[in-house]
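Trainee: I am new to this structure and would like to go through it slowly. Could we take the terms one by one?

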Amino acid sequence: ALTPGVDAPTWPDDFAERYRAAGHWRGETFGGMLRERAAAHPDRIALVDPAPERRTWTYRELDEAADRLAAGFAARGIGRGDRVVVQLPNVGAFVEVVFALFRIGALPVYALPAHRDTEIGHFCAFSEAVAYVVPDVHAGYDHRELAARVQAGTPSLKHVFVAGDPGAHTALSEVPCEPTGPFAGPAPHELAFLQLSGGTTGVSKLIPRTHDDYLYSLRGSNEICGVDADTRFLVVLPAAHNFPMSSPGWLGVLYAGGTAVLCPKPDPATAFELIERERITMTGLVPPLALVWTDAAAATAHDLSSLELILVGGAKYSEQAARRLEPALDCRLMQVFGMAEGLVNYTRLDDDPETVVTTQGRPISPDDEIRIVDDADQDVPEGAFGHLLTRGPYTIRGYWRAPEHNRSAFTEDGFYRTGDIVRRTPSGHLVVEGRAKDQINRGGEKVAAEEIENIILAHPAVHDVSLVAVPDEYLGERTLAYVILREGAEPLRSVAVKRFVRERGVAAYKVPDLVEFVDAFPQTGIGKVSKKQLRSTAERR
Ligand code: J2J
C-alpha cells in the first residue's frame, strides 16, 4: 500500500528521473517540511483559527502538536500507508491531523464537510480506512451520528476521532502523547494523501498524490503568486478542497513560512472582518463568492486595504465579473484553472489586464505537457478548441485502485483526459470553452451526473432519468433532473424527487435544483440519450 504503482499507476522511471534532474522533485516530505520550518523560524505564526476564540500556532507549536498527535495515532496502531478519512471544517485541528498523518506516513483521505452517508461510506469502504475524523456538530449537523452509521457498515473502520465533544467515540484531544522516538515516515516518492475527484462516474475516484509531486506544485504556485513569509492567506473555501489547499493555499503558505488564517464561513460579513483584523494579503474564491464579495465591497465599513491578491477559479469566471473585481476590492486578480488530478494554470502578475480577465491562465511548469485534440485524439490546429489532455510532474498517471476507469481516463502514453474543452491563445494561455465530461459545475462544486442519476433510478416510480446543467446567473450552472415516470406510476412531485435524493444521504449541493417530468428523451443517431439536446432544451427554458 506504500509505493505508488502498486495501488495506482505512477510515473515511468525515465519521467521520474527527468523531473528529479530538473529540480522539480526535491526529495522533500510534508513531515520534513514542517520540521525544517519549525527549526528555521520557530516563533513565527503558522496558523490562526479565529473561531470561536482566536487561537494561534507558531511553527514550533504546530510541529510539536503534529508530533504528539502522530505518536497518539501510532500508539493506536495507525501506521504507514493506512488510510484515514478526514472530514473537518476550517479548524486548526484539520491542519494538526493531516500533519500528524503525514509524519507517520498514514494517508489522509479528504472529505468535504458537506459529505453524508453515501460519500463517506464509499470513501471509508473503498479506501479500507482504519479511522475517520469528524467534528462533533458542524453547520447544525451531528457528524458523530453519521460516523456511528458509517462505522457500523465498515469493518475496517476501527477508530472514530471527534474534534470537540466525542459522544460515544474518542475525543481527538485525548489522542496526543509523548513521542518515544523519531517516526520512520514516508519516502518522498510515496503517497502523501488521497484527494477527491470531482467525478464523472457513479462513485468518486480517489486521487493519489505523492510528497514529491504535490510539493512541487506548491513551490511553483508560490513563485507565481508571490507567496512568501509575509503572506497572510485566508482559507475561505473548504480546507480539504485542492484549490484552497494548494493553489497556493494553506499548504503553499506554510511551505513559504507565511500565515494561514482559517475562515469559518465564506460570507463577506465574516470574511471582511477577518481580513481587517488579521491583515489578510491573499485569498482564493470560486466565481459565485467572488461576485458576492465584489458587490459587498462597495458598502463595507471594513478596511480591506491589506488585500493584495485574490485568486478566482474552480469554475468559469465570466469576463464581465472579472472586470469588476480589481476596482471593487482594490487588489489584483489572478484566474486559476486547476484540478485535483494535477495540472494548475494561473494568469501571471505581469500579464496584461486583458489576458487576466479573458483567459484562465497557463500551466505552472515548463514540463506540463498540453495537448488539445479532437474526438479522435488528433491535435487540432493551433488556436482551435478541443479536448485538453495533460501530462507532467504533478499530474497523476492514474486514479487509486481503478484500473478499468484509468484505461479510459488516461491515454496509453499517460496523458490525463481532463474532460475540459479549451483553446490556447498565442501567448500560451488557456481559455475554458466548455466541458465534455458528464459533470455539472455548480459554482465550483462538482456533481457527477451518473451518481445522482443512479440514486434517482432507485425510486420505484422512476423509469429513467437524465441530469443536466442549466445556466444560472449566480452559480454559473445548476442541476436539472429530467425524469420519465414508469407507466402507470402515481404522478410524482419534484419535491418528492429532491427529498428522495436527500434522504439517501448525499451532500446537499448534489440534490437536483430542478426536476422536470417528460415522456421521452431525445436520442442520438445510435439510440443513446442525447444530453446535448437535453441541455439545449434546458437552456431554452
Ligand atoms: C473553468 N473551469 C474550471 C476555471 C476549475 C485550483 C483551482 C481549481 C481547482 C478545481 C483546483 C476552472 N474555469 N477557472 O483543484 O488546484 C473545472 C474544470 C476542471 C475541474 C477540476 C485547483 N477551474 N475548473 O476546481 O478537481 O472542469 O479542482 O477540470 O474540483 O473544475 O475540479 P477540481
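Mentor: The largest share of the shell around the ligand, 5 residues, comes from strand 16, strands being DSSP runs of E with at least two residues and helices runs of H or I with at least four, numbered from the N terminus. This is a predicted model, in which local features need pLDDT of at least 70 and side-chain atom pairs count only at pLDDT 80 or more, while totals for chains, interfaces and linings use all residues. Residues are numbered from 1 along each chain as its sequence is written.

Trainee: Why is the ligand said to lie between domain 1 and domain 2?

Mentor: Domain 1 (219-437) and domain 2 (440-540) both give residues to the shell, so the ligand lies between them; the bounds come from an automatic or database domain assignment.

Trainee: What makes Val483 buried or exposed?

Mentor: A residue is buried if 20 or more other C-beta atoms, placed from the backbone, lie within 10 Å of its own, exposed if 12 or fewer, and partly exposed in between. Val483 has 23 such atoms within 10 Å, and is therefore buried. Val483 lies in strand 26 (residues 476-485).

Trainee: Which residues does Val483 touch, leaving out those up to four places away in sequence?

Mentor: Val483 touches Ile456, Val462, Val465, Val497, Val515 and Phe517, where contact asks for C-beta atoms, placed from the backbone, within 7 Å. Val483 and Ile455, although 28 residues apart in sequence, are 12 Å apart in space, C-alpha to C-alpha.

Methods: Contact = placed C-beta atoms within 7 Å.
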